Amino acid sequence: KAKRFYMRKDPVPETAFSAVVIALDKDVWRVFKVIRHLKACFMFVLKEHGRRMYPSLVYTSDTRVCYYSMKPDTSDRGGPYHPLLRHAAGKITVKNPLRDSVVISRDVAKDDIEETFTPERLLRGVIPAALTENFFFWQRDKDDHLVGYPKELNHPDYQYKLRVRLIDFKESGLNGVITRSPLTKEDIVANTEIASKNFFDVKMQLAADDPMVLAMNSSKIEVIVSQGYPRHLAKQVMEQFRYDLPVAQAWLANPKNKEKLDKMKADLAAVRSGEEAAANSSAAAGGAVPMENDDLKMALPSLIRTESQKGHDMLVLFDLLSVPKDSELGRLVALLTRIEDLGYILVWTDSTVTDYAAPCQIAKIELPRLKLRFFPRQDTDGKIRLYSQDHSDLFISDYRDTRLDSLSTGIPHCLIMENAAHELFLLVPNCPVHRPFIGRCPFSTELKLDHQDPEWLENMASRVYLYPVHGSHTFLVTPTLSSAMYLILLR
């Protein structure tokens, strides 16, 4: 039980979007936020870091609609779940002891400002987990805005930087705006010493000048070279796997990685040919060739935007927690949260966002954990549909009939897809499912989806299954053995 509760002095209007209560429990500050249209409650704990307090999510009554995905409770129970707590996760009674903290700051010369590193644990529930897991965030001292750079510069899905701008809620109706824009050469050069080489591995940075470590790493590279690989490729692969020789050798021997390996070879060949051309040009001019970081040179070909990319520079992320339930975006949120948690659904627009209740123009939709992407396209009949970028000619269908409904029985977490020939498919996320035993309902069909299982995510290359629907709409076709086994598991 909390000792003190703090609320707004003015009464909260009956039509308010949300309500906030702050509680002081011994030395722990807890912030409870209730969102009306989602029928969900979130509890944040204020964590101290560098003499500043940050809200971090520790409990939610519905893990499907929060920005930080938590492991659901799959244990057996005596009675059925309360309708509002069926998808609850986390602990309300979590403790938050005060600890020493280390503040990491850096000077950005081009902007003449100081940036402070913000750990991921301080952004839980505030920024979508799909971004906090794949970006490092720095807070600017000038305006308190956050800037984010990808943890892996060569990751194909994160070839952009982020800016989180805080906005006065009273004036605009928005808490903040997250925008993305392509990485430029200046961005990469500014972060070369950290981002391109040791940004994600402090141990490598500390050991960079250790002669013993350098000798061991060099010997591991020689092992890869002795197997017939070029030295520059062997060096890149070893750095990619943190000089873990068995893992690197297993990756090189896996035939599934042949396409990635060929691409790495082509990129490195292009870089080396560019270096030779630059050296020849410089030698002809009598000038010296400046040396650059190897990782930076390997990253640049895939990071620098081309002329064809201009015009799509700035995209704005919709705050899906603030979307009214009866709006177009609200209906889209209700649809997509059937297959994925809200923290891993990124809806981007290239227009100015002032009111989430107003009609909006969607540029792209990304579900990075499921490796799915959708984009709007107008068909010949004039209808705008959401097409899959990963499954050719498939779009999210609004077709329904009684036989199709019976097919999806026991699979509530699915999307119905359709193609131009009016063939239907069920798209089902591939994640662990649990059926907890409920004492008073022994024949319950309650399913619990665990999107956060690390072992499952690591070993399952295919994050979704696509089941063709037979033309009679009476049964599903299982194209692979694994899809058949997963369907049996669900039913």
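The legends below describe close-up views of a predicted model. Local features need pLDDT of at least 70 and side-chain atom pairs count only at pLDDT 80 or more, whereas totals for chains, interfaces and linings use all residues. Residues are numbered from 1 along each chain as its sequence is written, and side-chain values use heavy atoms, with hydrogens and water left out.

**View 1. An open sheet of six strands with antiparallel pairing.** The strand order is β1-β2-β3-β4-β5-β6, where strands are DSSP runs (E, at least two residues) numbered from the N terminus and two strands pair if DSSP finds at least two bridges between them. The edge strands β1 (4-6) and β6 (89-90) each pair on one side only. Strands β2 (residues 18-25) and β3 (residues 28-35) are joined in the antiparallel sense over eight bridges, and F32 in β3 is the bridge partner of V21.

**View 2. Surroundings of F42.** Leaving aside neighbours within four places in sequence, F42 has contacts (heavy atoms within 4.5 Å) with residues including V31, F32, L57, Y59 and L321.

**View 3. The salt bridge between D144 and R52.** The closest N and O atoms are 3.6 Å apart, a salt bridge being a side-chain nitrogen of Lys or Arg within 4 Å of a carboxyl oxygen of Asp or Glu. D144 lies in the loop between β9 (135-140) and β10 (146-150) and R52 in strand β5 (residues 52-60), so the pair ties together parts that are 92 residues apart in sequence.

**View 4. The salt bridge between R385 and D379.** These side chains meet at 2.4 Å, N to O. R385 is buried (under 20% relative accessible area) at 17%, and D379 is buried at 16%.

Definitions and conventions. Helix = DSSP H or I, 4+ residues; strand = E, 2+ residues; numbered from the N terminus. Buried < 20%, exposed > 50% of the residue type's maximum accessible area, 1.4 Å probe, protein only.
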